[in-house]
Every structure is written in C-alpha cells, then in structure tokens.
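Hi everyone, thanks for coming along.

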Amino acid sequence: MYYFLKLAASVALPLYTKKAIARFHEPFVANQPTILASNHPNSFFDAIVIAVHYPQTIYFLARGDAFKKPLVAQFLKALHLIPIYRLSEGKDNLSKNDDTFQTCINLLQQNQTILIFSEGICKNEWQLRPLKKGTARLALMAAEAGLTNVRIQPTAINYSSFSKNPKEVEIHFNRSFSIDKKTPENEAVFFNAFNQQLKTGMTSNLLVKNDTKDVALFPKRAILQTKFIKYIVAIPAFIGFLSNYGIYFTVKKIALQKTKNTVFYDSVLFGMLLLFYPVLVSILAIATGIIFNWSAALILLIGMPLSAWFYKTYKSL
C-alpha cells in the first residue's frame, strides 16, 4: 500500500504544486539508520512531500488518536505510520509509547528511516515551534541499543502558501549529525543540548517570517519567457479549466467545509483529489464510451489530467 500511494502521489504532486524541489545538503547514504527530524507546518501533506522526494522507504510517527478504530489502524500501519501518543490524548495512552519507541529501534536496526515531526504539533506558519523531547529520546534509545551509526537529519519544509494552489514547495535535507554513544548522566541536559543542535540544523534553511502573507520561494522567469509560455499553453489551459472545474471546485468546497479553522485543508484537499480524481475521470470516460464511442472515452481519459497540467502551468506563470 505504501509503495502504491507513493507512486500515485509522485504523479499527482506535479499537478498540485507549481514547483516542488528537494535539496540534499550532503551526499545521500542508502541503507543507514536515519531519523528525519522535520518541522510540521502543513499536517500530513508534510509527510507526503517528504516521502515523494526521499529516495528510500520511510516510516512515519503519527498522532495516536488516528489509530482508535482497528480497521483504520491496519490501513495506517500499511502506510508505514506508527502511533505516538501525547498527554492531550490521555495519560493512559502514554505507556503505549514504549512499544512505539521499541518498534522504531527495531526498524533502525534494519537500516530503515524514521520520520518524526519534532515540534510535536502542527500550525500553518513560517516559524519553528519549540521542539519536544521525542526526537532526542529516540536518538538516545538507539544509542543505548548499540546503534552507533544512526544519523539524525534535520529537515526543513518551506511552502509559498498554505491556502492557495498551485503552490511552491521546497524540502531541505540538511547536514546530519550523530550523538555520543555513552549514556548521559543527566538526561535533561542531554535533551536540551540535542534540541539546540537539532534546531540549528533545521533553521539553517527554514523560511522564517512573522506575517501570514504568501511568498515566492523560487526566482521568477523572465517576463518575455513567461509571456511566450503563456501564449503557448493558453488554449489547452482554458480547456483544462473548463473540463476540470466541476471536479476540482466541488472537492475544494468539501475540503474547506470539513477543515474549517483547522490546519488540515491542504492535506485533505490533496488527499481527496489523489483518491477521487482518477475514479471520477474513469467514470466519466466509461460513460462517454458507452454513450458515444471508446475513442472519445480514451481522449477524455488522457485529456482531462493533461489539460489540468496545462492549466496548472498557466496559473504558475
């Protein structure tokens, strides 16, 4: 399930974003136990964009309240999600984190990669919130388990907007560090020092600003080049607008209603489009084939997503 959805998201992301770039600030090393420690400004969309751009399989630590229903829990685990419980989800659940951390240690022993959002909370803002102890605790437990080659890689995600599409996305996989294999005498001192080092690594390429205005992450094309491309794609972009208007704006309206006053809008919108857009286009194509002919159905099946890409390109200029 993880690999199928990663492939689907890899195809969908270029349609949803204006531009998405991953920058590796050191050579990528495969098959080495790694803790990706990231900021968390945009709900589970953060995990999607990291997974799409990271060359290796990832396991994700996610809020434990999402695992309450057994069927949902099975589905989430198939997507490589591992529950982590916070005090806000009840003191009784905190003991379950022992199993969570042990699962992570087992995965690291298999040279896997764990993604943890070190702020422990999500908010749509261009700031780094105070870091929780979870990342430091996991790194310390790994060292105590004899894992001497665990990399802690500070990761920073920047967005041009949290509400508008298409948007620009930039992921920085910053220089990693490791920790002393010795168990510290004072854990509190260790956690503070670890978080300070992690914060320095994360903020080195993090867009930080106090206002809520959208921002451009990448340089704009030259004016003449932009105008030329706009002329070229204008007609297929207009077709894309007309043919996809009903689906996109219906899904967008539902996402807005369901996520009002929350941080989940972008994630829910992308998730709904990822799951339902191919199904709806396929249904329309089949109906077209039955009513008219299958050549027209094939044109619709290919033409709708292709024209959507042209419209996205036009809006991105």
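Leaving aside its neighbours within four places in sequence, which residues is Leu 115 in contact with? The list is Leu 36, Ser 38, Ala 47, Ile 50, Ile 58, Tyr 59, Phe 60 and Leu 61, where contact means heavy atoms within 4.5 Å.

A word on the ground rules. This is a predicted model, where local features need pLDDT of at least 70 and side-chain atom pairs count only at pLDDT 80 or more, while totals for chains, interfaces and linings use all residues. Residues are numbered from 1 along each chain as its sequence is written, and side-chain values use heavy atoms, with hydrogens and water left out.

Back to Leu 115. In the largest nonpolar core, which has 38 residues, Leu 115 is among those with the most contacts inside the core, along with Phe 45, Val 49, Ile 50, Ile 58 and Phe 270. By nonpolar core I mean a set of buried Ala, Val, Leu, Ile, Met, Phe, Trp, Tyr and Cys residues joined through side-chain atoms within 4.5 Å. Buried is under 20% relative accessible area, exposed is over 50%, and partly exposed is in between, using a 1.4 Å probe and protein chains only. Helix 9 (residues 265-291) supplies the largest share of this core, eight residues. Another core lies apart from it, with 32 residues, including Leu 128, Ala 136, Leu 140 and Ala 156.

Now the sheet. Seven strands form an open sheet in the order 1-7-6-2-5-3-4, with mixed pairing. Helices (H or I, at least four residues) and strands (E, at least two) are DSSP runs, numbered from the N terminus, and two strands pair if DSSP finds at least two bridges between them. At the edges sit strand 1 (17-24) and strand 4 (81-84), each pairing on one side only. Strand 2 (residues 34-38) and strand 6 (residues 151-159) are parallel partners over five bridges, and Ser 38 has Thr 155 as its bridge partner in strand 6.

What packs on the sheet? Helix 2 (residues 45-53) does, touching strands 1, 2, 3, 5, 6 and 7, and its direction makes about 115° with that of strand 6. Axes are lines fitted to C-alpha atoms, for helices over the stretch in contact, and angles run from 0 to 180 degrees between N-to-C directions. Helix 7 (residues 187-203) lies across strand 2 and strand 6, at about 45° to strand 6.

Helix 2 also packs with helix 1, at an angle of about 100° and with their axes 9 Å apart. That makes helix 1 roughly perpendicular to helix 2, a label for angles of 65 to 115 degrees. Tyr 2 and Leu 13 of helix 1 are among the residues making the contact, as are Phe 45 and Val 49 of helix 2.

Further along helix 1 (residues 2-16) we find Pro 14. Pro 14 is partly exposed, at 38% relative accessible area, and touches Trp 309 and Lys 312, not counting residues up to four places away in sequence.

Finally, some backbone details. The peptide bond from Asn 165 to Pro 166 is cis, with omega near -5°, and Pro 166 lies in the loop between strand 6 and strand 7. His 80 has a positive phi near 75° and is buried, at 11% relative accessible area. Asn 261 has a positive phi of about 65°, but Asn 261 is exposed, at 77%.

Terms used: Parallel < 35°, antiparallel > 145°, perpendicular 65-115°, else oblique.
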